Amino acid sequence: MQVHKHDAIIIGAGGAGLMAALYASKGGADVAVVSKLYPTRSHTGAAQGGIGAALGNLDEDRPIYHTYDTVKGGDYLTDQAAAKILAENAVDAVIELEHMGLPFDRTSEKRISQRRFGGHTRNFGEELVRRACHAADRTGHMILQTLYQQCIKNEVKFFDEFQVVDMIVVGGTVAGVVAIELGTGEFHIFHGKASFFASGGWGRCWSVTSNAHSLTGDGAAIALRRGVPLQDMEFFQFHPTGIYRMGILITEGVRGEGGVLINSQGERFMERYAPSAKDLASRDVVSRAIYLETRAGRSIKNRGYVHLDVRPQTVNRYFAEEGRDRKDFIDEGTVERKLPDILDFCRTYLGVDPVKEPMPVQPTAHYAMGGIPTNVDAEVVIDADGAVMPGAYAAGETACVSVHGANRLGTNSLVDLVVFGRRGGMKVAEYVKGADWTPLPADAGGEIEAEYERIRGGSGKSRPGELRALMQQTMMDNVGVFRTEETLQKGIDDLAELRERFRTDLQIDDKSRVFNTDVMEAWELGCLLDLADVTARTAYERKESRGAHSREDFKKRDDENWMAHSLIYQTGEMSDPSYEAHFDKKVDLSLWEEEIEQGIPEDQQKFRPIERVY
Ligand SMILES: Cc1cc2nc3c(=O)[nH]c(=O)nc-3n(C[C@H](O)[C@H](O)[C@H](O)COP(=O)(O)OP(=O)(O)OC[C@H]3O[C@@H](n4cnc5c(N)ncnc54)[C@H](O)[C@@H]3O)c2cc1C
């Protein structure tokens, strides 16, 4: 196997990977980015709505308000010190992106323009605040292009279309990763002092998802197989507005601009579920409301979807009812200018023109709150006490810092990428200066090559596509927006059967090596099955409802027993793994504790867990 040697190996070229690569290289490290996609095709490029930062360009705003919203939005599972870092660093991270040349939309005073997003408020929940900085509805695309240019300028080395399939761990220290060059099918070893996972999420576990085909959770699955626990896997966010049946995302920015959700009775039903935030209540609340409307027989044509209406006459009618300033009223031009990509999607894929008709939407699997546990410097931690795995780093959606707790607020993922990507990049630069090289073991890559050959040789009866569809359906039906012990048990049983077929009965038609997407997709399916399994298991064990995890048999949040992160470990044989979940990692409640220390009376404490909103 060909061996490449670099101080730092970054796995993934989305926002998190590129920011980490940029800062590690600025700090003097020799950096290689290994990515299965060409960098600018990463899912970060699909992010539409915006990046949250308390710039206060249009409304009064402060980072502490952003911190509060992040903690509350996460239903108090958010680590409070990390949320504070996120909110404080967001401000200069956005300004830094602007200085790198990111073409943000502007206010009439030429400042960065900001829009409303669910759960982002002023003065600790008083009213919605305009905090999401945006470049039309292509914010992520602009971030990705900007960071990629900066990395090229800084001479970061890119290995595009190389898929990482294993991590090399020697005596508890990470010595690099193993990758397949997709164009040749050859194995390569990337020997590094630091290996940094920025490989994105795993929305492809579900059948209706906003996530790209490539989001199969490879990095998280690899880490799990090599001894790293995964944290808070039971929390997976469903975004309320995916295009009916296709799952393609319609950004929350549509509601930020005034769009409303309407049921088959023509009713703006969110007024009932969340009287003050209404359509901009947090995503878990809105997704549940759509399901409840469906169950009550009020979805459109009884088909499980509702309408998202951003037609100017509808929006302006509600604006008038709410007593909004006439200058906030919108016309067709506003919608065309602020949401060009959304209009394009709907016109192309649905034949629906959103300025003339409402859009059919349903909840879509969107975002992994859980993942590879890290501290605030992106170092991977492997137990409840925060012990670090030397040489291992992670940031972005694949990681769990945890700033999103049980439910992420819109626009906070892009902030997470740039803030913790940057901190992680700096930490890596510092680490590689002092660390020694860990020698590679003689058999590095051997085990995964054997697994690849096993898959390639598959001559059973189960096609990967069929197994994937069955997995996605059982996850949708049993491990979705609402869960019970019964559905979760069904999910676990179905997955066990699918895993068995994956292990013993795989059928692969393409036996070649060059760009063999059959084999790679089968390998990715293995990752998805592992992640689906740990999601169902932790969801089964968490007997409360919190954020995106809604148990119909345990409807209340239970801070007394469950105010803790889950960590799930792989145990047993590599070829026949079992899992063990622990719920003993403490949630960092330092801001609340500070309030108590300062003698602030209970009813004025901002960071004290308050009742869950349904
Ligand atoms: C449609 C959509 C809209 C969104 N809108 C917003 C928004 O407006 N605001 C917001 O804050 N968040 C938004 N999000 C969420 C946010 O965009 C993502 O969480 C974030 O971009 C993830 O970034 P990342 O850097 O962690 O990973 P990604 O951008 O997903 O990149 C993953 C990278 O890892 C690489 N990779 C994966 N596996 C391997 C492997 N095995 N070997 C090598 N490389 C690998 C890929 O090639 C890719 O480069 C949105 C998400 C979606 C799906």
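In the predicted model, an open sheet is built from 3 strands in the order β3-β5-β4, and the pairing is antiparallel. The edge positions are taken by β3 (51–52) and β4 (114–122); each has a single partner strand, so one side of each is left without a neighbour in the sheet. Strand β5 (residues 127–133) pairs with β4 in the antiparallel sense over 5 bridges. Within this arrangement, R115 stands opposite A132 in β5.

The loop between β5 and α4 contains A136. Phi of A136 is near 45°, a positive value in a residue other than glycine. Most residues other than glycine have a negative phi. A136 is also buried, with a relative accessible area of 10%. A positive phi is found again at D75, where the value is near 55°. D75 lies in the loop between α2 (63–73) and α3 (80–100), and with a relative accessible area of 7% this residue is buried.

Helix α4 (residues 139–153) packs with helix α1 (residues 15–26): the two axes come within 9 Å and cross at roughly 30°. Angles under 35 degrees count as roughly parallel, and α1 and α4 are therefore roughly parallel to each other. Their crossing is left-handed. On the α1 side the contact is made by G15, L18, M19, A21 and L22, and on the α4 side by L144, L147, Y148, Q150 and C151.

The antiparallel pairing of β10 with strand β21 (residues 564–572) extends over 2 bridges, and the bridge partner of Q231 in β21 is L567.

Strand β14 (residues 359–368) is mostly covered, 10 of its 10 residues being buried. β14 pairs in the antiparallel sense with strand β11 (residues 236–243) over 6 bridges; in this pairing F238 stands opposite A365 of β14. Strand β13 (residues 306–309) also runs antiparallel to β14, to which 3 bridges join it. There, H307 stands opposite P360 in β14.

D416 belongs to helix α12 (residues 412–434) and is buried, with a relative accessible area of 2%. Leaving aside residues up to four places away in sequence, D416 touches L86, Y367, G396, V401, V403, H404 and G421. The C-alpha atoms of D416 and L470 are separated by 33 Å, the two residues being 54 residues apart along the chain. V401, one of the residues touched by D416, is joined to S402 by a cis peptide bond with omega of about 5°. Most peptide bonds are trans. S402 is found in the loop between β18 (399–400) and α12.

Note on methods:
Residues numbered from 1 in each chain as written. Predicted model: local features only at pLDDT ≥ 70, side-chain atom pairs only at ≥ 80, totals over all residues. Heavy atoms only, no water. Axes fitted to C-alpha atoms, helices over the stretch in contact; angles between N-to-C directions. Helix = DSSP H or I, 4+ residues; strand = E, 2+ residues; numbered from the N terminus. Parallel < 35°, antiparallel > 145°, perpendicular 65-115°, else oblique. Left-handed = near helix turned anticlockwise from the far one by under 90°. Contact = heavy atoms within 4.5 Å. Pairing = 2+ DSSP bridges. Buried < 20%, exposed > 50% of the residue type's maximum accessible area, 1.4 Å probe, protein only.
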